[in-house]
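Subject: Structure for you to look at

Hello,

Here is the structure I promised. Please open it first, then read my notes below.

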Amino acid sequence: MKTKTLRTITLAVMIITFCACDKGVQNDENNTVRFTAQLNAITKSAIPFPVGNKATIHVYNAADLSTPLAGTPSLATAQNNGGVSSLTIDALSFPFSLNKGNYDFYCVTTNTAIDPGITFTNGKSDTLSNNVDYLYASNKGVVVSSNTNVPFTFYHKNVKISIKITPNAAQGVTAVTIKNIGLKLPVATGDQQGKMDLATGVITPVTTFAQTYTDITKVDDVNCSYIILPVAITSGTAQTLSYTVKMDMTVQGTRYIDRIYNFSIALPAAGLDSGKNYTYTGLAGSKEVTFSPVIVEDWIISDQGSSNGEEI
């Protein structure tokens, strides 16, 4: 009878020990990590990252950008999860998981349903482009000790240029219709310009402009916009934005077709900063377009009904 009792106790201890070890292995090596994403906004409710858009998730041991974790960077797609955008790794049919540890997470997207295709080497991207809405998010020093959610908030990292041209009634102009606007775009030169720093999301500004015009996007009859690389002003470099605009206009009751104006707008002394929206408002006269001082705002979604812009 004593022997039977001892065996039963020994067996119970073995089962408890095995379960405890198994539980420890799960916590160390199989901690599910899920990702959610939203856009930086000043709104009453969060603005989810658009469903179907793709982003690349980069994972590193905390404070160490030398080598990404095995299996990353990983391409992910935004999905609707109860009104919240979750990022699901495309190549995995099961949840992403990590060992216990302290990690830095980064996420980069072009705000489209296309693979961003951005390569980072030693924490620096390849050369980036105009007319691309690069969004960046990071979440650093995340302690993964159990199942963990990593939220990302995306920020614009290129520059948005907005142009509005309205009639100058004082010169008898009563209507204008923009046909198209061309802009001499900034151009990255050398090995350092136009590259994103993965640690900060900062895109190194460029200092030169193309010699030819590129048509920019027409929003409506009086508004155009375009996305460009950040620009720094240095000695000996161009300090203006150069445009050519084709417009129809009504002057003193007469309609004129395809009038062409060439003009240059002085850049702010600080250049064109990453993540900013620069709005230029012009009055179209019978012979020229004159511009008011530029309004500089954070490039952000807002429902507050007022601008945070600064006139410079």
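In these notes, contact means heavy atoms within 4.5 Å. Keep in mind that this is a predicted model.

Start with Met 247. Which residues does Met 247 contact, leaving aside its neighbours within four places in sequence? Among them are Ile 165, Val 176, Ile 178, Tyr 256, Tyr 261, Ala 284 and Val 289.

Now the core. The largest nonpolar core has 47 residues. Met 247 is one of the four that touch the most other members, along with Ile 161, Tyr 243 and Leu 272. Several strands each supply at least two residues of this core, including E8 (101–109), E13 (159–167) and E22 (276–284). Strand E20 gives the largest share, six residues.

Four strands make an open, antiparallel sheet in the order E17-E14-E20-E21. Its edge strands are E17 (214–215) and E21 (254–266), and each pairs on one side only. E14 (residues 173–183) and E20 (residues 240–251) are joined over nine bridges. Thr 177 has Asp 248 in E20 as its bridge partner.

Last, Lys 195. It sits in the loop between strands E15 (186–187) and E16 (208–209). Lys 195 is buried, yet it has no salt bridge. The nearest side chain of opposite charge, Asp 191, is 5.5 Å away. What does the side chain of Lys 195 reach at 2.8 Å? The backbone oxygen of Asp 191.

Best wishes

Key
Residues numbered from 1 in each chain as written. Predicted model: local features only at pLDDT ≥ 70, side-chain atom pairs only at ≥ 80, totals over all residues. Heavy atoms only, no water. Buried < 20%, exposed > 50% of the residue type's maximum accessible area, 1.4 Å probe, protein only. Lys, Arg positive; Asp, Glu negative; His and termini not counted. Salt bridge = Lys/Arg side-chain N within 4 Å of Asp/Glu carboxyl O. Polar contact = N/O pair within 3.5 Å; in protein donor to acceptor, adjacent residues only side chain to side chain. Pairing = 2+ DSSP bridges. Core = buried A, V, L, I, M, F, W, Y, C linked by side-chain atoms within 4.5 Å.
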